[in-house]
Amino acid sequence: MGYSFDFEKIYNDYWEKLTAFSLKMTQDEQLAQNVVQDVFIDLWERKEHVNIAAVESYLFRAVKNQIFKSYRNEKFDKTILEDKFENYLIENLSTVESDLTDKIYALLDTLPEKRKEILLMNKLQDMNIDQIASELDLSKQTVKNQISSALKQLRHGLKEFTFLFM
C-alpha cells in the first residue's frame, strides 16, 4: 500500500460505507464518525508497514474493533454489537467477499429446515420473535433458542473467516 494515492482511493471508496456501518452499530453519529476517523488515522500511520490482502474486510473489522475499544471502559454488552454486526453482514452480503458469501449460503443449507426458516424470517424478513412465534405457532422461547442455535452453528462454520469477527 505504499503510496498516498492508494490511501486516498481507499478512503474515498470506504469512508461512507464504514461510517454508515459504524452508525448502525453505535446509534451515535459523533461516535460513529470518530471511530471511522480513528481507523483511517491508524491506517495512515501504518501505511508503510501494513500488508492488507482484503481491504474491505480489514476496514470493517478495524471499525468493529474500534467500537469495542470505545465501549470497553463502559461495561457495554458486546453481544448487542455482535448481533448488529451479524445483522449487517446478512443485510449486506453483496459487499462481503464472495468466498464468505458462498460459505454462508452453504452453511444455511446445512441448518435444520425449521431453524433455517426461523433465522431467515428474523434476519431477512425483519420479523421479531413475537411475530415468528405467532406465525409458526411456537413459543417465544423456542424461537429465541432456534435463532441462537442457528447463529452459533453459522459462527462455528465460519471459523476460517474469524478475521472478520475479531
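What is the mean pLDDT of the chain, and what share of its residues reach 70 or more?

**Model and confidence**

The mean pLDDT (the predictor's confidence in each residue, from 0 to 100) is 79, and 75% of the residues reach 70 or more. This is a predicted model, in which local features need pLDDT of at least 70 and side-chain atom pairs count only at pLDDT 80 or more, while totals for chains, interfaces and linings use all residues. Residues are numbered from 1 along each chain as its sequence is written, and side-chain values use heavy atoms, with hydrogens and water left out.

Helices are DSSP runs of H or I with at least four residues, numbered from the N terminus. Among the elements of the chain, the lowest mean pLDDT, 64, belongs to helix 4 (residues 78-91), and the highest, 91, to helix 7 (residues 129-136). Where pLDDT is low, the predicted coordinates should not be read in detail.

**Helix 6 against helix 7**

The axes of helix 6 (residues 113-123) and helix 7, as lines fitted to C-alpha atoms over the stretch in contact, come within 10 Å and cross at roughly 135°.

On the helix 6 side, Lys114, Glu117, Ile118, Met121 and Asn122 meet Ile132, Glu135 and Leu136 of helix 7 (heavy atoms within 4.5 Å). By class, this contact has four nonpolar, one polar and three charged residues.

**Salt bridges**

The structure holds six salt bridges (a side-chain nitrogen of Lys or Arg within 4 Å of a carboxyl oxygen of Asp or Glu). One of them joins aspartate 13 and lysine 9, at 2.8 Å from N to O. Because these two residues are four apart in helix 1 (residues 4-26), about one helical turn separates aspartate 13 from lysine 9.

How values were computed:
Axes fitted to C-alpha atoms, helices over the stretch in contact; angles between N-to-C directions. Nonpolar A, V, L, I, M, F, W, Y, C, P; charged D, E, K, R; others polar.
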